Amino acid sequence: MKNFTNVTDIGPLDKAVAEALKIKADKFAYTDLGRNRTLLMIFFNSSLRTRLSTQKAAMNLGMNVMVLDVNQGAWKLETERGVIMDGDKAEHLLEAIPVMGSYCDIIGVRSFAGLKDKAEDYEERVIEQFIKYSGRPVFSMEAATRHPLQSFADLITIEEFKTKPRPKVVMTWAPHPRALPQAVPNSFAEWMNATDYEFVITHPEGYELAPQFVGNARVEYDQRKALEGADFVYAKNWSAYADPNYGKVISTDRGWTVDAEKMALTDNAYFMHCLPVRRNMIVTDDVIESPRSIVIPEAANREISAQTVIKRLLESL
Ligand code: AN0
Ligand code: CP
């Protein structure tokens with residue numbers, strides 16, 4: 001694997017999950033693979049899980065790890081070519097990227113959508129520039145339109161907890177006070193569509209995701225109807241994708257919050273969320289604290305998805 005930005009990069013999912021579960025059973029089986037190799041993790045945005053789980057995964061493989069928070073201590077970076085740099089940005093990404101590449105063997109990048117210019121976000125300009133100019137394998141730690149390490153961890157988690165071969169998985173929009181990217185729901189949909197699960201997406205009108213991510217999923221505007229018989233409920237907020245509201249919050253309707261009464265419509269479903277989650281906006285305290293909530297094992301699997309991906313990148317160096 002040369003780079004990891006979407007579901008197709010990982011190849012057949014059954015093989016990837018089997019490899020991940022093998023790694024989970026013996027995390028230190030490949031401590032020589034990363035010896036004298038350096039991972040550089042670049043963060044343009046905040047993180048708790050991605051930062052810790054990815055660093056841990058690389059350490060399990062024997063790697064050295066460097067972490068740079070671009071917005072804390074590095075020079076402010078210009079990302080557009082052709083700009084006269086007489087403002088507050090002291091360095092251009094076009095120099096910064098190859099310099100960063102010269103200090104490491106593999107690069108992980110977190111760079112969220114700006115949510116202002118849809119074309120710019122959906123072209124994945126930042127991570128694509130890392131791929132083009134760093135000279136190193138690059139993996140996404142959440143880019144503008146996808147969060148594949150999260151989706152891979154979500155898939156591993158569903159495979160561990162499912163009790164039927166084709167579970168019904170329902171991804172539901174839920175309210176949040178601030179505008180969030182579509183990366184997590186896009187990516188989850190992309191990975192679920194690559195399985196043979198029954199996959200349903202539910203959201204208020206106006207929150208339609210990009211058609212290339214919705215794929216063959218059933219879209220159901222009635223949340224209660226969508227939840228009927230679900231085996232897994234995957235809650236997430238996202239901002240609007242459709243024009244003219246791209247990147248905007250168009251509803252904070254708490255009628256969409258996942259509560260015990262909604263969970264009662266399901267087939268005793270497990271509750272999932274990528275975290276961080278706003279309690280009593282996305283999900284009520286009792287649901288996230290219930291025995292059917294698997295948000296903690298889901299987050300723990302981030303170490304496993306990251307280790308599987310970094311292992312594959314190391315193997316093709
Ligand atoms: C981010 C998002 O929704 O994309 C990161 C989630 C992993 N969430 C927030 O910014 C709250
Ligand atoms: N789920 C996830 O990626 O969390 P962080 O934003 O804390 O890394």
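Tutor: On a 1 Å grid over the protein atoms alone, a cavity is a set of points where a 1.4 Å probe fits but cannot get out, whereas a pocket is an open set with protein on both sides within 12 Å along at least five of seven lines, and lining residues have an atom within 4 Å of a point. Grid points are joined across faces, edges and corners, and a volume is the space filled by probe spheres set on the points. This is a predicted model, in which local features need pLDDT of at least 70 and side-chain atom pairs count only at pLDDT 80 or more, while totals for chains, interfaces and linings use all residues. Residues are numbered from 1 along each chain as its sequence is written, chains are lettered from A and ligands numbered from 1 in the order in which they are written, and side-chain values use heavy atoms, with hydrogens and water left out.

Student: Which residues line the largest cavity?

Tutor: Among them are Trp173, His176, Arg178, Tyr207, Trp238 and Lys248. By class, the lining has five nonpolar, four polar and two charged residues, where Ala, Val, Leu, Ile, Met, Phe, Trp, Tyr, Cys and Pro count as nonpolar, Asp, Glu, Lys and Arg as charged, and the others, Gly among them, as polar.

Student: And pockets, what volume does the largest one have?

Tutor: The volume of the largest pocket is about 580 Å³, and of the 24 residues lining this pocket, Thr79, Ser111, Phe112, Glu120 and Val126 are the closest to its centre. Helix 5 (125-133) gives the largest share of the lining, four residues. Helices (H or I, at least four residues) and strands (E, at least two) are DSSP runs, numbered from the N terminus.

Student: Where does the second largest pocket lie?

Tutor: Domain 1 (7-146 + 302-315) and domain 2 (148-299) both give residues to its lining, so the second largest pocket lies between them; the domain bounds come from an automatic or database domain assignment. The second largest pocket has a volume of about 470 Å³, and its lining has 26 residues, with Arg110, Phe112, Glu142, Leu275 and Pro276 nearest the centre. Helix 2 (49-60) and helix 7 (183-193) are the elements that give two or more residues to this lining.

Student: Is helix 7 enclosed by the rest of the structure or exposed, and why?

Tutor: Helix 7 is largely enclosed by the rest of the structure, because 10 of its 11 residues are buried. Buried means under 20% relative accessible area, exposed over 50%, and partly exposed in between (1.4 Å probe, protein chains only). Phe188 is one of the buried residues of helix 7.

Student: What does phenylalanine 188 form with phenylalanine 199?

Tutor: The two form an edge-to-face aromatic pair, with 5.9 Å from centre to centre and 75° between the planes. Rings of Phe, Tyr and Trp (its six-membered ring) pair if their centres lie within 6.5 Å, and planes under 30 degrees apart count as stacked, over 60 as edge-to-face and the rest as tilted. Phenylalanine 188 lies in helix 7 and phenylalanine 199 in strand 8 (residues 198-202), so the pair ties together parts that are 11 residues apart in sequence.

Student: How many aromatic pairs are there in the whole structure?

Tutor: The search finds 13. In one of these, the rings of tyrosine 122 and tyrosine 246 have their centres 6.3 Å apart and their planes at 75°, so that pair is edge-to-face too. Tyrosine 122 sits in helix 4, and tyrosine 246 in the loop between strand 10 (232-236) and helix 10 (260-263), 124 residues apart. Both tyrosine 122 and tyrosine 246 are buried, and together with Phe213 and Tyr241 they form one aromatic cluster.

Student: Switching topic: which peptide bond is cis at proline 276?

Tutor: The bond from leucine 275 to proline 276 is cis, with omega near 5°, and so is the bond from aspartate 243 to proline 244, also with omega near 5°. Most residues other than glycine have a negative phi, and most peptide bonds are trans. Leucine 275 has a positive phi, near 65°, and is found in the loop between strand 11 (270-272) and helix 11 (285-288). With a relative accessible area of 15%, leucine 275 is buried.
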